[in-house]
Amino acid sequence: MNVGNIKVVAPFKGYVISGIKFEEIGGQINLEFDRRSGPRCPHCQQWLPRNKAGRRAVMDCPMTHGSIVYLTFPTVQGLCKTCDRYVTTCPEEVHPNCQATRRLMKMVSAWASVATNSQVAAMFEISDATVRRYDKIVLKEDTPPPCFDGLKKLLIDEKSVRKGHCYVTIILNGETGELLHMQEGRKKESVEAFFEQLTEEQRAGIEVVGIDRSGAYQAAVEAWLPNADMVYDRFHLVMNVNQAVDEVRRSQCAKASKEDRTLLKGQRYLILANQEKLDADGHKKLDRLLEVNKTISTAYILKEQFREIFSYKAIGWAMRALETWCELANASGLASFQRLAKSFTQHSKRVCRFVKHGLTSGLIEGFNNLVSRMVHKACGFRDLDYLELKLRHHSVMR
Ligand SMILES: [Zn+2]
């Protein structure tokens, strides 16, 4: 390989390449100071007196067939008069606090967004902890801080991030899907910490907050954003109704005769799936099941009717449809639906305001899936700062 060619992709400003050695097990690129410039302060480019000299080796991107490449270069530690402190020289390409070039760290970080950290560690022959460290540094540098100006819509949710009741509170920009805030816990304090960061003007600009009906956040939103409309997001409402259906299915299962039980068992998906998602065989099975058990059939009809509320384009129509639904739910005699009807009647505006604000459940649903995938991939997250960085980066860059 020609030394001049390497200078094109890795200019090593202030250094010259004194030797390149490529063997099957790996490669080594040796640098020396360029005599014309000598050692310079990495922060201000001022010439540096040689107080202490040494040599460092760091990892660089692997060669095409995957073997490791090391970069070695001389170091000088000296007092920079301009910066007024002791500094150590290193080429621009090298991260001053890591045993690696920045391009290698970026490569590791890019792989960590698609593979597990253990897989990336094996690939680059470094430890899991090093993968995490590099990834965190790169994500921190590459992700701009959140901007709270002009915020109009917020989505607030909670998410389990590892086994044993570890929850985080998540706040998204309801228009862009950007992650604005993540904090351990799911109490109202977790959202208050976010509201405290906003200026009065920023808070006043928020028009609507999409929220889970059963969460602890409602009181905090009422107190901090008195002028904002609260909307129960569709994703959670549908989940609430599905839970009510499942409660009915389980109780019917327990009561059923041996013969009927075999028919009912393991049919959770069949009952909860959206009708249009079932194939011909699924439809046949579902029809048979609903025919055999009238109670489940009632729950099923209520579930399908509830979804229709979201097809209305005028809030008045949606409110009327919800009212009708609550009457049916009350008349059904099913306790789990009567409970829902009571709450929906009480907060009917919060159920139906989605029409006015055009809040869809897509963003929160998509984000929930993203968190689940990441948590699953990493077998749960202990380092919540790292999880937040990854999620924020994803939500900004997608
Ligand atoms: Zn300096």
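**From residue to domain**

Modeller: This is a predicted model. We can start with His65, which sits in the loop between strand E3 (52-60) and strand E4 (68-80).

Colleague: How are helices H8 and H12 oriented to each other?

Modeller: Angles over 145 degrees count as roughly antiparallel. The axes of H8 (residues 234-255) and H12 (residues 294-308) cross at roughly 175° and come within 9 Å. The two helices are therefore roughly antiparallel.

Colleague: Which residues of H8 and H12 meet?

Modeller: H8 contributes Val238, Val241, Asn242, Val245, Val248, Arg249 and Gln252. From H12 come Thr295, Ile296, Ala299, Tyr300, Lys303, Phe306 and Arg307. By class, this contact has 8 nonpolar, 3 polar and 3 charged residues.

Colleague: What are the domains?

Modeller: The domain assignment gives domain 1 (3-142), domain 2 (153-233 + 359-397) and domain 3 (235-357). The centres of domain 1 and domain 2, taken over C-alpha atoms, are 38 Å apart. Their contact takes 7 residues from each of these two domains.

Colleague: Which element gives the largest share of the side of domain 1 that touches domain 2?

Modeller: Helix H4 (residues 128-142) does, with 5 residues. That side of domain 1 has 1 nonpolar, 2 polar and 4 charged residues.

Definitions and conventions:
Residues numbered from 1 in each chain as written. Predicted model: local features only at pLDDT ≥ 70, side-chain atom pairs only at ≥ 80, totals over all residues. Helix = DSSP H or I, 4+ residues; strand = E, 2+ residues; numbered from the N terminus. Axes fitted to C-alpha atoms, helices over the stretch in contact; angles between N-to-C directions. Parallel < 35°, antiparallel > 145°, perpendicular 65-115°, else oblique. Nonpolar A, V, L, I, M, F, W, Y, C, P; charged D, E, K, R; others polar. Domains from an automatic or database assignment.
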